[in-house]
Amino acid sequence: MSETVISVRGLTMGFGDHVVMKDLDFDIGKGEIFVILGGSGCGKSTLLKHMVGLYKPMSGTIAIAGMLMDPDDGETFRRILARIGVMYQGGALFSSMTLGENVALPITEYSGLRGRAVDDLVRLKLRQVGLEGFENHLPEELSGGMKKRAAIARALALNPEILFLDEPSAGLDPISSAELDALILRLNRTLGTTFVVVTHELSSIFTIAGRVVMLDKTTKSIIAEGDPHELRDRSTHPFVRRFFNRQPEMET
Ligand SMILES: Nc1ncnc2c1ncn2[C@@H]1O[C@H](COP(=O)(O)OP(=O)(O)OP(=O)(O)O)[C@@H](O)[C@H]1O
Ligand SMILES: [Mg+2]
């Protein structure tokens, strides 16, 4: 694997005394498209929120670009935040603001840029996701796929090295979903952005994922890790094989 950019060690996550996942270990390489899979409620979003420092682990560590994630260490936390972009599940745009204003928000907040420089950057970001010329539109004037792309433009605003996307294609038709996959691949190839994506759409997984981890609610652990095509063809775990081959449980 290439240089490691995210390193998760002995990560146990939960809320109160409810443990969601325990003792997770995995690495993500620079420039990888890494997909997190698993059934509803197993802890995918929770894992992503731990990786961006929104939640604190019960135990274990997460390192981003060699820096230990610790929201209590303000200086390091800010340095990490400057290198990542996030689109949360259902990641909505602010509905009363135009697309341009939505994308400008993180730029004016964090970059120190003002005026024309912000406008130029906003135009560039919208162009990168195929929404050039839509600066003055309100989110309600866009299709679902366009809204997702605009949310990605906002997450890209500060040129992150790592982009976290939680179910980016949820609710999209197959064509918009395929377009989103193409966008992720293009950004990955042209900008070298590392992607951490939560999705359970098989077509998307086979198209974009270099590597996946599959979380399992029952054992609260990772039950599969690797290339999705290999897992489909060679996994010895019956559930993993069924998932990637889209077979129902009853079939023998
Ligand atoms: N802020 C929170 N406080 C308490 N419990 C939480 C919180 N966030 C998530 N949980 C619980 O953690 C578990 C995992 O939730 P999570 O949202 O991570 O699942 P998920 O795999 O993303 O599911 P989905 O596929 O439906 O998005 C669930 O039992 C959920 O109720
Ligand atoms: Mg989720």
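This briefing walks through a metal site, a pocket, a cavity, the nonpolar cores and a few individual residues of the structure above. Please keep in mind that the model is predicted. A magnesium ion (ligand 2) is held by Ser 45 and Gln 89, the largest pocket has a volume of about 720 Å³, and the largest nonpolar core counts 46 residues.

**The magnesium site**

- Two side-chain atoms coordinate the magnesium ion (ligand 2), namely OG of Ser 45 and OE1 of Gln 89, at 2.0 to 2.2 Å.
- These two residues bring together distant parts of the chain, as they are 44 residues apart. Ser 45 belongs to helix α1 (residues 44-51), while Gln 89 sits in the loop between β6 (84-87) and α3 (99-110).
- Ser 45 has a relative accessible area of 18%, under the 20% limit, so it counts as buried.
- Gln 89, in turn, is partly exposed, because its relative accessibility of 45% falls between the 20% and 50% limits.

**Helix α1 and what follows**

- Helix α1 is largely enclosed by the rest of the structure, because seven of its eight residues are buried.
- Those buried residues are Lys 44, Ser 45, Thr 46, Leu 47, Leu 48, His 50 and Met 51.
- After α1 comes Gly 53, which has a positive phi near 80°.

**The largest pocket**

- If you are thinking about open space in the model, the largest pocket has a volume of about 720 Å³. Its lining is made of 23 residues, and Ile 84, Gly 85, Val 86, Pro 106 and Tyr 110 are the closest to its centre.
- At least two lining residues come from each of α2 (74-81), β6, α3 and α5.
- By class, the pocket lining holds 18 nonpolar, two polar and three charged residues.

**The largest cavity**

- One cavity of 30 Å³ or more turns up in a search of the whole structure. The space in the largest cavity comes to about 30 Å³.
- Its lining is formed by Pro 168, Ser 169, Leu 180, Asp 181, Ile 184, Val 197, Thr 199, Ser 204 and Ile 208. Two elements, α6 (174-191) and α7 (202-208), each give two or more residues to this lining.
- Helix α6 makes the largest contribution to the cavity lining, with three residues.
- The classes split into five nonpolar, three polar and one charged residue around the largest cavity.

**Nonpolar cores**

- Within the largest nonpolar core, which has 46 residues, Ile 152, Ile 205 and Phe 244 touch the most other members. Helix α5 (residues 144-155) supplies the largest share of this core, with six residues.
- Neighbours within four places in sequence aside, Phe 244 is in contact with Leu 37, Leu 202, Ile 205, Phe 206, Val 212, Met 214, Pro 228, Leu 231 and Arg 232.
- Another core lies apart from the largest one and has 30 residues, including Val 8, Phe 34, Leu 47 and Ile 84.

- Ala 65 is not a glycine, yet it has a positive phi of about 50°. It lies in the loop between β4 (59-64) and β5 (67-68).
- With a relative accessibility of 28%, between the 20% and 50% limits, Ala 65 counts as partly exposed.
- Glu 167 also has a positive phi, near 50°, and its place is the loop between β7 (162-166) and α6.
- Glu 167 is buried, because its relative accessibility of 14% is under 20%.

- Pro 174 is found in helix α6. It is exposed, because its relative accessible area of 70% is over 50%.
- From Pro 174 to Arg 186 there are twelve residues in sequence and 18 Å in space, C-alpha to C-alpha.
- Ser 176 is in helix α6 as well, but it counts as buried, because its relative accessible area of 17% is under 20%.
- Between Ser 176 and Val 86 the separation is 90 residues in sequence and 20 Å in space, C-alpha to C-alpha.

Notes
Residues numbered from 1 in each chain as written. Chains lettered and ligands numbered in written order. Heavy atoms only, no water. Donors = N, O, S within 2.8 Å, 3.2 Å for Na, K, Ca; no water. Helix = DSSP H or I, 4+ residues; strand = E, 2+ residues; numbered from the N terminus. Buried < 20%, exposed > 50% of the residue type's maximum accessible area, 1.4 Å probe, protein only. 1 Å grid on protein atoms, 1.4 Å probe; cavity = no way out; pocket = protein on both sides within 12 Å on 5 of 7 lines; lining within 4 Å. Points joined across faces, edges and corners; volume = space filled by probe spheres on them. Nonpolar A, V, L, I, M, F, W, Y, C, P; charged D, E, K, R; others polar. Core = buried A, V, L, I, M, F, W, Y, C linked by side-chain atoms within 4.5 Å. Contact = heavy atoms within 4.5 Å.
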